[in-house]
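User: I'd like to learn how to read the features of a model like this one. Could you walk me through it, a general idea each time and then the case here?

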Amino acid sequence: ISSLGHHPHSPPLTHNPKEIWKKGGRMFSVLLAINLVLLACTLVSSAAFNKVAVHDYDVFFMLTIIMLICIAWILFYLIVTAKRRDAILYKDSHAGPVWLRGGLVLFAIFTLVMDVFKTGYYSSFYNCLSAIKIIYPLVQAVFVIIQTYFLWISAKDCIHVHLDVTRCGLMLTLTTNLAVWMSAVTDESVHKAHTKFQNLTEGTHRWIMKGNLPIKGCSCNTQICQIFQSGYFWLYPFNIEYSLFASAMLYVMWKNVGRLIDHHTHHIHQLKFRLFRRTFFVGIILGLFILVSGLAVLIVYEVQVNSSGQPDKKNEALIMYYTFNIVCLSLMSLVCIGGSIVYRFDKRDMDHHKNPTRTLDMALLLGAALGQYAISYYSIVAVVASTPRDAISALNLTYSLLMIAQHTFQNIFIIEGLHRQPPEDDHKIHPHRKDLYGLTFVNINAVSLRVPESGSALPSPLPHGQGAVAIQPSDVVQSIMVPKKVKWRRKFLKEISLFLLLCNIILWIMPAFGARPQFDNDKELNFYGNSMWSAIVDICLPFGIFYRMHAVASLLEVYIMS
């Protein structure tokens with residue numbers, strides 16, 4: 001054995017033959033995804049304009065076909081691939097946490113309700129519409145059910161059989177969710193734009209999207225039809241978030257295909273969600289106050305802006321909206337700065353283990369924030385370069401600046417929190433570490449405990465003398481009270497996380513369910529023009545909306561890890 005030169009603690013020198021084509025398989029699946037995304041983007045954008053000879057049912061047909069293919073692959077994975085004895089050798093403990101899967105199930109339920117409403121709406125015109133418009137929501141409902149079940153039970157899998165097929169299947173399913181997301185975002189954005197500009201002449205706004213405009217020979221005159229139409233548009237935000245949540249979880253699964261996890265370094269943290277323990281309720285109370293106030297502001301804003309033709313009422317609604325957001329963003333920015341300062345005094349070590357979930361979270365936070373950054377900078381340029389400079393312009397400028405600051409400070413706080421070791425890691429004694437929270441231990445490995453002769457020795461990995469049993473480090477630490485400073489810091493971080501979580505929920509609800517001050521405030525529209533500003537908002541705003549919901553999931557993890 002010694003002639004082989006293999007140290008007992010060194011990793012084996014042999015390579016897994018299944019990993020030889022790892023990079024090639026990944027590259028092929030990525031190229032497949034890129035081509036499918038570009039095709040979907042081309043069809044979705046082309047179907048939005050009357051001058052292009054592409055119809056919305058062409059998009060529905062493509063989405064239906066690829067969803068059926070994804071359903072077939074998921075069933076193959078569940079029935080064939082995952083049932084192999086050597087298929088799942090490892091589980092990624094960081095992938096698919098229960099709160100993320102719970103959120104996916106919640107969004108899936110609302111998506112199914114939306115599919116019911118959409119089926120009922122299109123069934124009202126079955127005699128004058130293509131059958132694919134009725135088939136599409138039914139297929140999407142089946143796809144959502146099967147995919148949700150698949151992600152619930154398989155999100156943590158590190159699969160080691162059928163590697164290339166699994167990579168391509170995961171990337172195809174991920175791309176399908178992105179295509180559904182693009183279609184939903186386009187449909188919802190165009191519907192909102194049509195609602196905002198419904199007072200314009202028909203020739204001005206008919207180009208926006210054919211699918212949402214009256215079709216000759218088809219009319220929605222019955223009350224049930226109008227309920228279906230309004231209902232499924234109100235449920236679009238949940239469908240959009242479902243597609244993005246599923247895409248993120250599928251990407252982590254794709255990264256984990258063929259992954260080998262070292263159990264000696266990959267510690268599985270058993271984190272418990274304790275909402276009402278060791279907290280002062282300040283974050284919950286203040287966050288709920290912001291949430292309820294935001295809902296009231298949204299209702300009043302929608303009523304005054306959309307139902308009133310009086311300019312004074314519209315200006316009052318805009319002032320109210322901007323004022324609420326300025327107060328909310330200011331508090332959030334200050335709280336994030338305070339949390340970052342507290343982290344400077346946190347004694348927890350940084351977690352440097354390989355973690356595809358955390359890497360994706362950071363990339364999504366930084367990438368999605370670019371959408372709101374872009375809108376804010378465009379607004380700043382328009383307000384500064386335009387005249388006159390009234391109160392609404394000043395509020396709009398302050399709102400845009402605070403939006404940039406809040407995204408920046410919140411990203412710093414979340415990313416720093418995600419990189420901290422959980423509390424359990426702080427309570428462990430390393431063999432060469434003699435102090436913990438300022439308390440000194442004298443040769444912890446030499447501490448022994450004499451047990452009765454009739455008792456059996458407690459198993460311990462630590463060396464111990466004859467007739468003595470070594471104490472586990474965790475047993476010693478459990479008897480030590482954590483200093484008050486550490487408790488105060490932990491509680492403060494929990495309060496911050498809960499407050500930011502609730503604030504991000506209301507900041508997701510407001511734009512997702514109709515608040516569009518970018519169109520109600522004429523400053524940017526007059527400066528950039530209708531077409532350019534609509535394109536900027538319709539492209540960037542969905543990323544800003546997704547940022548808020550993704551921040552909620554990340555802040556929940558930061559809360560639990562605090």
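User: Let's start with salt bridges: which residue forms a salt bridge with Lys 91?

Analyst: A salt bridge here is a side-chain nitrogen of Lys or Arg within 4 Å of a carboxyl oxygen of Asp or Glu. In this predicted model, Lys 91 pairs with Asp 157, and their closest N and O atoms are 2.6 Å apart. Lys 91 lies in strand E1 (residues 88–91) and Asp 157 in strand E2 (residues 157–159), so the pair ties together parts that are 66 residues apart in sequence. Helices (H or I, at least four residues) and strands (E, at least two) are DSSP runs, numbered from the N terminus.

User: Is Asp 157 buried or exposed?

Analyst: Buried means under 20% relative accessible area, exposed over 50%, and partly exposed in between (1.4 Å probe, protein chains only). Asp 157 has 3% relative accessibility, so it counts as buried. Lys 91, at 41%, is partly exposed.

User: How many salt bridges does the structure hold?

Analyst: There are 3. One of them joins Asp 164 and Arg 167, at 3.5 Å from N to O. Those two sit 3 residues apart in helix H5 (residues 163–196), so about one helical turn separates them. Arg 167 is buried at 0%, whereas Asp 164 is partly exposed at 33%. Arg 84 and Asp 86 also meet in a salt bridge, at 3.8 Å; Arg 84 is partly exposed at 39%, and so is Asp 86 at 32%.

User: And disulfides: how many does the structure hold?

Analyst: A disulfide is a covalent bond between the sulfur atoms of two cysteines. The cut-off is a pair of cysteine sulfur atoms within 2.5 Å, and the structure holds 0 of them. Take Cys 503: its nearest cysteine sulfur belongs to Cys 328 and is 4.1 Å away. Cys 503 is buried, at 0% relative accessible area.

User: Which residues make the nonpolar surface patch?

Analyst: Patches take residues with over 30% relative accessible area and no salt bridge; like charges are joined within 9 Å, and nonpolar side chains (Val, Leu, Ile, Met, Phe, Trp, Tyr) within 5 Å. Areas come from the Shrake-Rupley method with a 1.4 Å probe, and for residues only the protein chains shown count as cover. Here, Leu 334, Ile 337, Ile 341, Phe 345, Phe 409 and Ile 412 make a patch of about 560 Å². Helix H10 (311–344) and helix H12 (391–418) each supply at least two of its residues, with the largest share, 3 residues, coming from H10. Phe 345 is in the loop between H10 and helix H11 (356–385), and is exposed at 53%.

User: Where is confidence lowest and where is it highest?

Analyst: pLDDT is the predictor's confidence in each residue, from 0 to 100. Strand E4 (residues 439–440) is lowest, at a mean of 37, and H4 is highest, at 92. Across the chain the average is 75, and 71% of the residues score at least 70. Over residues 1–15, pLDDT stays under 50, and the model has 2 contacts (heavy atoms within 4.5 Å) beyond four places in sequence there.

How values were computed. Residues numbered from 1 in each chain as written. Predicted model: local features only at pLDDT ≥ 70, side-chain atom pairs only at ≥ 80, totals over all residues. Heavy atoms only, no water.
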